[in-house]
Amino acid sequence: MSVLLKTRVTAIGPEVADLAEGGVVILFADGSPPELAEVSVLHSTEEGPSDDAPQKGASITLGPVSATITAVGSTAWSKVREMGHVVISFNGATEAERPGEVCASEVDTGALVAALTPGAVITIAA
């Protein structure tokens with residue numbers, strides 16, 4: 001497998017758990033505006049992002065939680081590359097509703113909330 005993105009969680013916004021309970025995780029690189037940090041998982045990239053966007057079937061892991069990418073919005077990867085931002089919806093959708101969204105297979109949202117801790121590693125690999 002080749003790593004397309006490996007990043008480490010640095011901070012968790014106060015509204016992140018509520019979103020994650022609904023299967024949504026918003027990533028923003030360290031240094032995002034404070035109003036965005038409230039709903040975001042802030043992170044620091046360790047590897048990547050790759051030039052090429054992940055395709056359907058790529059894997060995404062957040063700590064111990066694993067899922068399969070099911071759709072990638074038209075601008076999602078360019079936003080990852082430009083500002084470390086992406087909305088990940090663990091909804092199993094085969095088409096992204098928004099251009100900046102990555103969809104992945106459904107996961108146990110309780111486990112997802114528990115995995116969202118500073119120091120957790122998020123990896124997207126193909």
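**Exercise 1. Determine which side chain makes a polar contact with the side chain of E101, and describe the setting of E101.**

Solution. Step 1: in this predicted model, the side chain of E101 forms a polar contact of 2.5 Å with the side chain of S89.

Step 1: E101 belongs to strand β7. Its relative accessibility is 2%, and buried means under 20%, so E101 counts as buried.

Step 2: beyond four places in sequence, E101 touches A71, V72, G73, A76, V87, S89, N91 and A96. S89, the polar partner of E101, is therefore also among the residues that E101 touches, while E101 is buried at 2% relative accessibility.

**Exercise 2. State which way the residues of β7 point, and identify the strands that pair with β7.**

Solution. Step 1: in a regular strand, side chains alternate between the two faces of the sheet.

Step 1: strand β7 comprises residues 101-104. E101 and C103 point one way, V102 and A104 point the other way, and all are buried.

Step 2: strand β5 (residues 65-72) pairs with β7 in the antiparallel sense, over three bridges. Within this set of strands, V72 has V102 of β7 as its bridge partner.

Step 3: strand β6 (residues 86-89) pairs with β7 in the parallel sense, again over three bridges. Here C103 in β7 is the bridge partner of S89.

**Exercise 3. Locate N91 and decide whether N91 is buried, partly exposed or exposed.**

Solution. Step 1: N91 sits in the loop between β6 and β7.

Step 1: the relative accessibility of N91 is 32%, so N91 counts as partly exposed.

Step 2: apart from neighbours within four places in sequence, N91 is in contact with E101, C103, A104 and E106. Its side chain also reaches the backbone nitrogen of A93, at 3.0 Å.

Step 3: N91 and G23 are 68 residues apart in sequence, and their C-alpha atoms are 6.6 Å apart in space.

**Exercise 4. Find the buried residues of helix α3, show how they are arranged around its axis, and name elements that cover them.**

Solution. Step 1: helix α3 spans residues 76-83, and A76, W77 and V80 are buried in it.

Step 1: viewed down the axis of α3, the buried residues fall within an arc of 95°, so they line one face of the helix. An α-helix has 3.6 residues a turn, so residues three or four places apart point the same way.

Step 2: the cover over these buried residues includes β1 (3-12), β5, β6, β7 and β8 (121-125).

Step 3: just after α3, G84 adopts a positive phi of about 65°.

**Exercise 5. Identify the residues that touch the most other members of the largest nonpolar core, and list the contacts of V25.**

Solution. Step 1: the largest nonpolar core has 29 residues, of which V25, I60 and F90 touch the most other members.

Step 1: not counting residues up to four places away in sequence, V25 touches V41, L62, V86, V87, I88, F90, L112 and L116.

How values were computed
Residues numbered from 1 in each chain as written. Predicted model: local features only at pLDDT ≥ 70, side-chain atom pairs only at ≥ 80, totals over all residues. Heavy atoms only, no water. Core = buried A, V, L, I, M, F, W, Y, C linked by side-chain atoms within 4.5 Å. Buried < 20%, exposed > 50% of the residue type's maximum accessible area, 1.4 Å probe, protein only. Contact = heavy atoms within 4.5 Å. Helix = DSSP H or I, 4+ residues; strand = E, 2+ residues; numbered from the N terminus. Pairing = 2+ DSSP bridges. Polar contact = N/O pair within 3.5 Å; in protein donor to acceptor, adjacent residues only side chain to side chain. Arc of directions from axis to C-beta.
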